[in-house]
2 protein chains.
Amino acid sequence: MNKINVGLLGCGTVGTGVAKILFDKSDLLTARTDTVINLKYIADLDIDNNRGLSCDKSVFTNDSMKIINDPEIDIVIETIGGETIAKDLILEAIENGKHIVTANKALIAKHGNEIFRKASEKGVSFFYEASVGGCMPVIKTIRESLIGNIIHSVNGILNGTCNYILTRIAEEGIPFDEVLKQAQDEGYAEQDPSFDIDGIDTAHKIAILASISYGMEINFEDVYVEGIRNITPFDLELAEYFGYTIKLLAISKIEGGEVDIRVHPTMIPSNHILASVKSTLNAVNIKGDEAGDVLLYGHGAGMKPTASAIISDVVDISRNKNTNSTRISSTAHLNRKNEIRIKPIEQVESRFYFRFSVEDRPGVLSIISGILGDYGISLESVQQKGQKKTGYVPVIMLTHLASEKSAKDALIEINSLDVVKQPTVAIRIEDNFE
Amino acid sequence: MNKINVGLLGCGTVGTGVAKILFDKSDLLTARTDTVINLKYIADLDIDNNRGLSCDKSVFTNDSMKIINDPEIDIVIETIGGETIAKDLILEAIENGKHIVTANKALIAKHGNEIFRKASEKGVSFFYEASVGGCMPVIKTIRESLIGNIIHSVNGILNGTCNYILTRIAEEGIPFDEVLKQAQDEGYAEQDPSFDIDGIDTAHKIAILASISYGMEINFEDVYVEGIRNITPFDLELAEYFGYTIKLLAISKIEGGEVDIRVHPTMIPSNHILASVKSTLNAVNIKGDEAGDVLLYGHGAGMKPTASAIISDVVDISRNKNTNSTRISSTAHLNRKNEIRIKPIEQVESRFYFRFSVEDRPGVLSIISGILGDYGISLESVQQKGQKKTGYVPVIMLTHLASEKSAKDALIEINSLDVVKQPTVAIRIEDNFE
């Protein structure tokens, strides 16, 4: 019988979930893999609380180096989080020839390239399925199931907090601030929610997926990000009227060696399956040249779904270890020779939903559509919708394809008009998923 | 550089798709896998037509044994289909130590146990991702991504022809026979459509998935099957009124060592994501004890999606081959010791939609509900809906949970009443996916 020794760095929520599976399901895992996966040490600052785990107290240590320097340990699972200690420990563990499993998306998004290179040099596996999409096997699907495909696009709803908030605004018509407060009270949003609601978490994830999909280095800094703070019940109601739903969508598409990669509130057709993704659930749609569209849907976070993904990585590495192979190298996705670059956001084209708040008098529409025309933006429809409030009316325009630069410049000019009473709301529309 | 030699048995639609990827994307596959995957021979009766493939004519042979007896061939891909020649050739290839990749679901559903045993004895891989769900990595997700999970249920829409027909009946109100004829003209249904529309194809697939999910042998013969021939626009309209959609659903759930496994038209809640699966698309929802629900959605058939899945199996085996390992054995899912048995259909409990066609006179409702009560079937709602036609009216009853046996016996008694003018329509309801 093969035996693999595992060390766990950090025993918070996810770490506890991982330890629980390794202890409680060791018979099941051994039967399924022909390998004993032995969780030898758990390193954490708190070693007095056994977290309801069925293990001896001696498994706990407050010295991470006991794991990193133990020649018997094959795989190090990092569930500390953050980018400082976690990074140092991972690099030291790799230096010592350990294989690594982590769910630390922020770390990978910011320091992944460095870690991948180091892992590649040392010939160890660095696996991170749990960093994107929780229990959904997004990375495995792209790297293994779609290996015969050129990936054209990866689009998804990758943050449960944002999706929960947008779902509640849409269904109950409650303003953003109020839903956020309730979500915080219910535990669906952090006390400092900006990481989620400003789209940073989603940007980390799409940067990781784009890297794997297109064979490029991770370029988190170049991902255009816009969060959901400014989404109102009124815009969600109008979206519905036009046959759309608003989601915080992570978009990445490749065209002619350039990757269009961005995160922002997006109107998607209500009859598209991504529009059915509600509450805290996540979904990712991957389009390959052979497979067409493959969509994965499930819990993108949480103790058990994340632990489930970590276990799958541990088992995959165990199988490699047994055969002395790094089955899928951490830099395998970088094999392609051609340079892939990120398309500058100014050059990206979208359709737009504009909601103008204007004085209710003749000629206003013509002024605004005139300015849009000057910037080469043509209109698909113009509607005056909703109640007149304190002297101004909402005017909604849906555009044909327009560049980000034209849209931005046109709005600066329009927002400076006397007849425009509030900054214009602009939401991008994506119709062509399939 | 590693090198793997592959032989292809059968070069019809799917086989051509596979050959095309192996020839046209050999650089891509080599870069991604560090392995040259060489398609050495293609065996087919027709060796004069090169199918637009960019290969030398000498690759074609009409002698399958040239592949099976070639000691250089590592992997045999079977895309002949059917259960006779394909089976014999696969068994001979296994005997000769070849790894096998196939999409042949009928073969696996009927002869899988025998083939698995033989593959296991000879220590070769027998992979069949493409047999279920086309490009969706259903088998890989269950076997690898959810390896730390006990699988509770696998439910899905697994036949594109049926889903296409049901979608069109629902959206256009056209009767089954007419939609079927159009589907045949458009190429969405076979000239002999019974394999699809009677649910056999779906039953093959769910038998395969249940086997992997619950660690049991394949028991295709014991899967309860009902097709979609009797679904009317009127029932789809009524389903919508009650908040449901009708899909040909493959169901498998495990409870207390017994597997409830069946295929039949099923009313599912319209707001469930499976209800959004339209046209020829497929979807599978897998529920694990750690991951919760994971749903996969995509093209379940077709040349390119199927070829894409076959290529992923070929690459997985290549990686094993390079390291001299059978990474996941064909019988790995049979490791569990406990006996799993299929629950007799009579004991399965469902909620039911009954549509009675009865005489429009006082007392009829009380007679019918009385008989249902005698069989222990209690009602959630009773409605008289729709037009009176030629002397009878439709009465719809939605029941609480009732056993198949009670429902069957009660309907026999009810259908024999003078006041009942047509056989009662019975459709099962599934509410509790999540």
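These legends go with a handful of close-ups of a predicted two-chain model, chains A and B.

A note on bookkeeping: residues count from 1 along each chain as its sequence is written, and chains are lettered from A and ligands numbered from 1 in the order in which they are written. As this is a predicted model, local features need pLDDT of at least 70 and side-chain atom pairs count only at pLDDT 80 or more, while totals for chains, interfaces and linings use all residues.

**View 1. Where chain A meets chain B.** Each side puts residues into the contact: 46 residues from chain A and 46 residues from chain B. (Two residues are in contact if their C-beta atoms, placed from the backbone, lie within 7 Å.) On the chain A side, α2 (26-33), α6 (138-145), β12 (292-299) and α12 (303-322) each supply at least two residues. The top contributor is α12(A), with 10 residues. By type, the chain A side divides into 19 nonpolar, 16 polar and 11 charged residues. Here Ala, Val, Leu, Ile, Met, Phe, Trp, Tyr, Cys and Pro count as nonpolar, Asp, Glu, Lys and Arg as charged, and the others, Gly among them, as polar.

**View 2. β12 of chain A alongside β12 of chain B.** These two strands run antiparallel and are joined by 5 bridges. Two strands are said to pair if DSSP finds at least two bridges between them.

**View 3. The six-stranded sheet in chain A.** This is an open sheet with parallel pairing, and its strands come in the order β3-β2-β1-β4-β5-β6. At the edges stand β3 (60-61) and β6 (126-127) of chain A, each with a single partner strand, so one side of each is left without a neighbour in the sheet. Further in, β1 (residues 2-9) and β2 (residues 35-43) of chain A pair in the parallel sense over 8 bridges. Look for Lys3(A), which stands opposite Val36(A) in β2(A).

**View 4. The open sheet in chain B, with helix α1 packed on it.** Chain B has an open sheet of 6 strands too, in the order β3-β2-β1-β4-β5-β6 and with parallel pairing. Its edge strands, β3 (60-61) and β6 (126-127), each pair on one side only. Strands β1 (residues 2-9) and β4 (residues 75-78) of chain B run parallel and are joined by 4 bridges; Leu9(B) has Glu78(B) as its bridge partner in β4(B). Helix α1 (residues 13-24) of chain B packs on the sheet and touches β1, β2 (35-43) and β4, with its direction at about 145° to that of β2(B). Axes are lines fitted to C-alpha atoms, for helices over the stretch in contact, and angles run from 0 to 180 degrees between N-to-C directions.

**View 5. Helices α4 and α5 of chain A.** The axes of α4 (residues 85-95) and α5 (residues 105-122) come within 10 Å and cross at roughly 10°. That makes α4(A) roughly parallel to α5(A). (Under 35 degrees counts as roughly parallel, over 145 as roughly antiparallel, 65 to 115 as roughly perpendicular and the rest as oblique.) Among the residues that meet here are Ile90(A), Leu91(A) and Ile94(A) from α4(A) and Leu107(A), His111(A) and Ile115(A) from α5(A). The contact divides into 7 nonpolar, 1 polar and 4 charged residues.

**View 6. Helices α7 and α8 of chain B.** The axes of α7 (residues 160-172) and α8 (residues 176-186) come within 10 Å and cross at roughly 125°, so α7(B) and α8(B) are oblique to each other. Residues making the contact include Tyr164(B), Ile165(B) and Ile169(B) of α7(B) and Phe176(B), Val179(B) and Leu180(B) of α8(B). The tally for this contact is 7 nonpolar, 1 polar and 1 charged.

**View 7. Strand β10 of chain A and its partners.** Strand β10 (residues 258-269) is mostly covered, with 10 of its 12 residues buried. (Buried means 20 or more other C-beta atoms within 10 Å of a residue's own, exposed 12 or fewer, and partly exposed in between; C-beta atoms are placed from the backbone.) Strand β9 (residues 244-255) of chain A pairs with β10(A) in the antiparallel sense over 12 bridges. In their hairpin, which has 2 residues between the strands, Gly256(A) takes a positive phi near 60°. Strand β8 (residues 224-225) of chain A runs parallel to β10(A), joined by 2 bridges, and Val225(A) stands opposite Val263(A).
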